[in-house]
Amino acid sequence: MDFENLATAAVKESIALTATMSPFINDGDKEPVWDGHIYIFADKAKRKENIKKVPVQVKGKKAKDLNQDVISYSLGVSYLQDYLDDGGVFSS
């Protein structure tokens, strides 16, 4: 079973259900940092003005229980540094 492609499909489907976001994420991508981007539009018309672009790295793994209050996934600090270097923001 290809967990990476299943995870990518799930992310794309979830984003596609929204009125103001569009997923541009590659399946089975081997790019070093990002698998694609999510574009966030100012309104439902999805005009090209005021678009925000969020880099996306999809990681998939098999889980026994998805009904937990907290679901976590470990990743290396280098992913966070790459995200910040590409304009990403962290908040607490």
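Visitor: Is Ala 16 buried, partly exposed or exposed?
Guide: Ala 16 counts as partly exposed, because its relative accessibility is 48% and the exposed class starts only over 50%. Keep in mind that this is a predicted model.

Visitor: Where is Ala 16 placed?
Guide: Ala 16 sits in helix 1.

Visitor: And how far is Ala 16 from Ala 45 in space?
Guide: The C-alpha atoms of Ala 16 and Ala 45 are 14 Å apart. In sequence, 29 residues separate the two.

Visitor: Back up a bit. How many helices and strands are there in the chain?
Guide: The chain has two helices and three strands. Starting at the N terminus, their order is α-β-β-β-α.

Visitor: What box do the C-alpha atoms fill?
Guide: Along the principal axes, the box is roughly 40 × 30 × 30 Å.

Visitor: What share of the residues counts as buried?
Guide: The chain has 92 residues, and 16% of them count as buried.

Visitor: And the accessible surface, what does that come to?
Guide: About 7,200 Å² for the chain. Carbon and sulfur atoms account for 53% of that surface.

Visitor: Let's do helix 1. What should its 14 residues span?
Guide: Helix 1 covers residues 3-16, and at 1.5 Å a residue it should span 20 Å.

Visitor: Which residues of helix 1 are buried?
Guide: Ala 7, Thr 8 and Ile 15. Looking down the axis of helix 1, these buried residues fall within an arc of 100°, so they line one face of the helix.

Visitor: What do the buried residues of helix 1 pack against?
Guide: They pack against strand 1, residues 21-25, and strand 2, residues 36-40.

Visitor: Which residue caps the N-terminal end of helix 1?
Guide: Asp 2 does. One of its side-chain oxygens lies 3.3 Å from the backbone nitrogen of Glu 4.

Visitor: Which residues make up the largest nonpolar core?
Guide: Six residues make it up: Ala 7, Ile 15, Ile 25, Ile 38, Val 56 and Val 58. Ala 7 and Ile 15 are also among the buried residues of helix 1.

Visitor: What does Ile 15 touch?
Guide: Leaving out residues up to four places away in sequence, Ile 15 touches Met 21, Ser 22, Pro 23 and Ile 38. Ile 38 is another member of that core.

Visitor: Ser 22 is on that list. Where is Ser 22 found, and is it buried or exposed?
Guide: Ser 22 is found in strand 1. With 13% relative accessibility, Ser 22 counts as buried, because the cut-off for buried is under 20%.

Visitor: What does Ser 22 touch?
Guide: Not counting residues up to four places away in sequence, Ser 22 touches Ile 15, His 37, Ile 38, Tyr 39, Phe 41 and Lys 46. With Lys 46 there is also a polar contact of 3.2 Å between the two side chains.

Visitor: What about His 37, which strand is that in?
Guide: His 37 is in strand 2. At 18% relative accessibility, His 37 counts as buried.

Visitor: What does His 37 touch?
Guide: Again without residues up to four places away in sequence, His 37 touches Ser 22, Pro 23, Phe 24, Ile 25, Lys 53, Val 54, Pro 55 and Val 56.

Visitor: New topic. Where does Lys 46 lie?
Guide: Lys 46 lies in the loop between strand 2 and strand 3. Its relative accessibility is 32%, so Lys 46 counts as partly exposed.

Visitor: What is the phi of Lys 46?
Guide: Lys 46 has a positive phi of about 55°, although it is not a glycine. Most residues other than glycine have a negative phi.

Visitor: And Asn 50, what is its phi?
Guide: Asn 50 has a positive phi of about 60° and is not a glycine either. Asn 50 is found in the loop between strand 2 and strand 3, and it is exposed, with a relative accessible area of 57%.

Visitor: Lys 48, is it buried or exposed?
Guide: Lys 48 is exposed, with a relative accessible area of 75%. Lys 48 is in the loop between strand 2 and strand 3, where strand 3 is residues 52-56.

Definitions and conventions: Residues numbered from 1 in each chain as written. Predicted model: local features only at pLDDT ≥ 70, side-chain atom pairs only at ≥ 80, totals over all residues. Heavy atoms only, no water. Helix = DSSP H or I, 4+ residues; strand = E, 2+ residues; numbered from the N terminus. Expected span 1.5 Å × (residues − 1). Buried < 20%, exposed > 50% of the residue type's maximum accessible area, 1.4 Å probe, protein only. Arc of directions from axis to C-beta. Contact = heavy atoms within 4.5 Å. Polar contact = N/O pair within 3.5 Å; in protein donor to acceptor, adjacent residues only side chain to side chain. Areas by Shrake-Rupley, 256 points an atom, 1.4 Å probe, with all protein chains shown as cover. Core = buried A, V, L, I, M, F, W, Y, C linked by side-chain atoms within 4.5 Å.
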